[in-house]
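Welcome, and please open the model in your viewer. We will go from stop to stop, selecting a few residues each time.

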Amino acid sequence: MSVRDVLTFGRYLKRRYKKRVKKIPLGLSGFTCPNIDGRVAKGGCTFCENESFSPNLARTKKVFLSPDSKENPLLDRQLQEIAHQYQATAGYYESRGYEAFLAYFQAFTNTYAPFDTLKRLYEKALIQPKCVGLSIGTRSDSVTEEILDYLVELSKDREIWIEYGIQSVFDTTLERINRGHDVASVERWIKKSKDKGLKVCGHLIFGLPGESQEMMLTTVQKAVEWGIDSVKIHPLYVVKNTALAADFLKGRFTPITLEEYIDTLQKAFEILPRDMIVQRVTAGIGDSTLLAPKWCANKNAQMRAIRAALAKMGLRY
Ligand code: SF4
C-alpha cells in the first residue's frame, strides 16, 4: 500500500514558508462570547467552561467587551498581553527549531469587540517578531462584512485565517448544546468568507449528544462542500463546572468511546479531500477538570492510536 502524508497545518506552513512555523495561542482579558454574556444566550455551549459556571473565572474577569462597548479600558493591558504571551511562547519554540509564528486569537470569540479594538489587537500581533500572520477563532454570529473586508486587506501580504465553530450541521444538535446560532448562520458566513477569498478553518466535534456516526459524517461532508480549507476535529469531552457535566452526572449524556471516535475519524478521512489541511484530529485535557471520557486524559496515547489507525489506511499523520 502506498503511503501518503496528511496535509497537516505544520506541513502546509512548511511548504509555503520553507521553514517551520508554529501557531501561538493567545487569550486576552475582556473577551467573552455572545453566547455567554446574554446577547444570544447565557451559560454558553453546554460543554464550555466559562464564568457562568466557574466562580474563579467570574471573580477574575470583571470587564467584558462586546461590539457595542463605547470604550475599552482594557486596551493597554490587552496589547501588553499580546506581546507578553506571544514572545514567551515564541521564545520557547524558537529554542526548539521554529523560525516563524502565526498569532492565534484563540480564547472565546475573537471578533466580539469594537472594530477599532480588533484592529489595534490584530495589528499588534502582526508586528511581533517573526510573525507571518493571524488565525482568528470566532462564531458565525459575531463577524461582520467590515471585519471580513479588513481581514481580506490584511491577507494581501500576510497569512490570515478565520476559524469558525461549526460543531454539527444539525440544528437539533446545536439547540441541544445551546450553541446559540443555527446551521444556516455558519453556512452563510463560511461561504461569505470564502467568496471574499479568506482562508477558513472549521471546527467539528464528534460525539455530540444524540448524534449518530452518520450525522457526524454528514457534518464532515457539508463542511467540505461549504469550501473550508482546513479542519479541526475533536471528541466531545466533559469538564467540571459545565452544563454538560450536570447532564453526564445525571446519566443523560454518554461520551463517545475511543473505538467509536477512531472509526468515525477513519471514515471522515475517506471524505476529506487530499488538499484539506488537517489541523487537529483529537483533543484532551490532562488535568482533574476532566470528568469523561477518561481516554481524553492522555493525548499521547490518543495520538498513537489515531496514527496507527490512519496508517492502516495508508495515511501518515
Ligand atoms: S462559542 Fe466558544 S466561547 Fe462561546 S460559549 Fe461556545 S464554546 Fe464557549
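Here is a short tour of a predicted model, from its sheet to its ligand and some backbone details.

**Stop one: the sheet.** Switch to a cartoon view and find the open sheet of 7 strands, which are paired in parallel in the order S2-S3-S4-S5-S6-S7-S9. Which strands stand at the edges? They are S2 and S9 (277–280): each has a single partner strand, so one side of each is left without a neighbour in the sheet. On average, neighbouring strands here are turned by 25° against each other, direction ignored.

Now zoom in on S9 and strand S7 (residues 230–235), which run parallel and are joined by 3 bridges. Select Ser 230 and you will find Ile 277 of S9 opposite.

**Stop two: a helix across the strands.** Select H1 next. This helix lies across S2, S3, S4 (131–138), S7 and S9, and runs at about 130° to S9.

**Stop three: the core.** Select Ile 24, Leu 26, Phe 101, Ala 103, Ala 125 and Leu 134. Within the largest nonpolar core, which has 78 residues, these six touch the most other members. Strand S3 (residues 100–105) gives the most to this core, with 6 residues. Then centre the view on Ala 103: leaving aside residues up to four places away in sequence, Ala 103 touches Ile 24, Leu 26, Tyr 86, Ala 125, Gln 128, Cys 131 and Leu 134.

**Stop four: around the ligand.** What surrounds the ligand? Select Cys 33, Asn 35, Ile 36, Gly 44, Cys 45, Cys 48, Asn 50, Phe 108, Thr 109, Arg 139 and Gly 165 to show the residues around it. Coloured by class, this shell has 5 nonpolar, 5 polar and 1 charged residues.

**Stop five: backbone details.** Go to Lys 18, in the loop between helix H1 (9–17) and strand S2 (21–26). Although Lys 18 is not a glycine, its phi is positive, about 60°. Is Lys 18 buried or exposed? Lys 18 is exposed, because 10 other C-beta atoms lie within 10 Å.

Move on to Gln 167, in strand S5 (residues 159–167). Gln 167 also has a positive phi, about 70°, and is not a glycine. Gln 167 is buried, because 23 other C-beta atoms lie within 10 Å.

Pro 293 lies in the loop between strand S10 (290–292) and helix H11 (299–311).

How values were computed. Residues numbered from 1 in each chain as written. Predicted model: local features only at pLDDT ≥ 70, side-chain atom pairs only at ≥ 80, totals over all residues. Core = buried A, V, L, I, M, F, W, Y, C linked by C-beta atoms within 7 Å. Buried ≥ 20, exposed ≤ 12 C-beta atoms within 10 Å, placed from the backbone. Helix = DSSP H or I, 4+ residues; strand = E, 2+ residues; numbered from the N terminus. Contact = placed C-beta atoms within 7 Å. Near = placed C-beta within 6 Å. Nonpolar A, V, L, I, M, F, W, Y, C, P; charged D, E, K, R; others polar. Pairing = 2+ DSSP bridges. Axes fitted to C-alpha atoms, helices over the stretch in contact; angles between N-to-C directions.
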